[in-house]
Structure formats: C-alpha cells, structure tokens
Amino acid sequence: MSFSAPTTYIPRQSPLHALDARVKLVLLLAYSISLFFLNTWAGLGLAAAALVATVALGRLPVRPLLAPLVPLYVLVAVTVVLNCLNGGGGNPGFDAQRMLAALMVGVRILLLAWASLAVTYSTASNQLMEAFASFLHPLRKLGAPVDDVALTLSLALRFIPLVAQQMEAVRHAQYSRGAAFDAGALAAIKAWGGTLVPVLVGMFRRGEVLATSMEARCYGAPGPRTRLASNPFTPANALVATAGLAGCVCACLFL
C-alpha cells in the first residue's frame, strides 16, 4: 500500500485562482447546502455541470481531484449496494426505489468532496487563513483570538501533505528493514504500529521547530497584526458571489 502525498495548492494562472478566497468559501458553502435541496437528477446534473465548468475554468488536473477519494468511492459503493439489497422493513431483497435514493445521496457526497478539493487546490493556505480571519472578525470585539484560530486552520491544512510525506518515507524505511506490510492482518497491524510511532515523533519535532520559529519572529507580540499586502474585496468578486448565490437559490427553488 502506498501513500501519495496530497497537494493542498496547485498554482495556475486562472480566473478561479484569482478569485477572492472569501468568495470561494461562501460559494462552496452555498453549493454544499444546495446539493441537499436538489431532489431531481436534472438538478444534480446541473450541479455536476457547474463543478466541471469550475474545474475547467481553474485549469485543474483531473487526477488530483479523483485519486485522493478512493476510500470514499468504496464507502459510497458499499452503501449503495447495501441499500439495494434491503427491501425496507428489514426484509432482504432488491429495491429499485431505494437504489435510486442511495445513488442520489452518493452523488451528492461525491460532488461535495470534489468541490471541496477544487477550492483547496485553487486557494493558497495564506489566502484561506486571511479568509477565515475575515469571517471571524466580528468575534474580535468579544476578545476571541481570531488570528490564532485562522493560523491554526492554515497550519492544519499545511501539515496534511507533510504527514503524508513523512508516512511514505517511514513506510519505505520500515519496508527496507523487512517490515511485513502484506503478510496478513496481524503482521500488517504490527508493521503499521512500527510506522506510526516515528511519524508521530517526527510531527512533534516539526511542531517544536515551528513553535521556535514563530517565537523568534515575535509571534504573539502585543499590537494589531499587519499584512504584507492588502486584499480588497473588488466589485468583480461581489458580482461573482452574487451570481453564484443566485444560481444556487434558483436551482433549489426550480429543480
């Protein structure tokens, strides 16, 4: 079994990448909500077409969108099969109506996952941090540590590929030392146990280095936070947000 380190940002020169991160997060939320209000295949088809157009607009490669979700595909497929074989009331038997309902739920989940990846791949982590800080700005008046929360979310996104890379490196090292990853369930559990411990130790060391670096850069010093470059909300961003929200509302009402 091999882990491919996921990428949290794919740089491109595209309208999707240039769009304000706040707009992308708001539209992702609206898209997610509208998916569960669409009760027809026509509506889900329109949602899928909108997602395909967005991916094409962002010039995002298809493989990174599809490959990381293999466990989710398996889970959705198993769920659909189990619903097909359950005739209702606990009685076994094929039920076409339940199959269609399960397929619709599975399509909703997959579209939501793909849309989330599209936003993640087209938005840098610092842009996401600024967007979260902007959304949480009203809580600043209540004394909430808005900047700390936004930084924590950004670091969590950044550490996802780092953990995967560390896992892959340790797995290869253990495999070269004779670890039996494919020699039965018990042997595999023991092998993975020997892999997780060094990964956790490595992550704690990275955390210590990160904390030292932040302290050396005077993070947490009193006074307002400053940014190297401002990110104003332009009329074009407002137009895209309005059009996207209107499209989601119309789809929910008429489809």
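Arginine 171 counts as buried in this predicted model, at 10% relative accessibility, where buried denotes under 20% relative accessible area, exposed over 50%, and partly exposed the range in between (1.4 Å probe, protein chains only). The side chains of glutamate 168 and arginine 171 meet in a salt bridge at 3.9 Å, N to O, a salt bridge being a side-chain nitrogen of Lys or Arg within 4 Å of a carboxyl oxygen of Asp or Glu. Both residues belong to helix α8 (residues 146-176), three residues apart, about one turn of the helix. Helices (H or I, at least four residues) and strands (E, at least two) are DSSP runs numbered from the N terminus.

The count of salt bridges comes to two by this rule. In the other pair, arginine 22 and aspartate 20 are joined at 2.8 Å, N to O, and both of these residues are buried. Residues are numbered from 1 along each chain as its sequence is written. Because the model is predicted, local features need pLDDT of at least 70 and side-chain atom pairs count only at pLDDT 80 or more, whereas totals for chains, interfaces and linings use all residues; side-chain values use heavy atoms, with hydrogens and water left out.

The largest pocket has a volume of about 690 Å³. It is lined by 28 residues, of which Leu27, Tyr31, Ala50, Thr54 and Gly244 are the closest to its centre. Elements giving two or more residues to this lining are α1 (15-18), α2 (21-35), α3 (41-57), α6 (96-121) and α10; α3 gives the most, with eight residues. A pocket is an open set of points on a 1 Å grid over the protein atoms alone, where a 1.4 Å probe fits, with protein on both sides within 12 Å along at least five of seven lines; lining residues have an atom within 4 Å of a point. By class, the lining comprises 21 nonpolar, six polar and one charged residues.

On the surface, Leu46, Val249, Leu253, Phe254 and Leu255 form a nonpolar patch with about 520 Å² of accessible area together. Patch residues have over 30% relative accessible area and no salt bridge, nonpolar side chains being joined within 5 Å. Helix α10 (residues 235-254) supplies the largest share of the patch, three residues. Leucine 255 lies in the segment after α10 and is partly exposed, with a relative accessible area of 32%.

Technical notes:
Patch = residues over 30% accessible without salt bridge, like charges linked within 9 Å, V, L, I, M, F, W, Y side chains within 5 Å. Areas by Shrake-Rupley, 256 points an atom, 1.4 Å probe, with all protein chains shown as cover. Points joined across faces, edges and corners; volume = space filled by probe spheres on them. Nonpolar A, V, L, I, M, F, W, Y, C, P; charged D, E, K, R; others polar.
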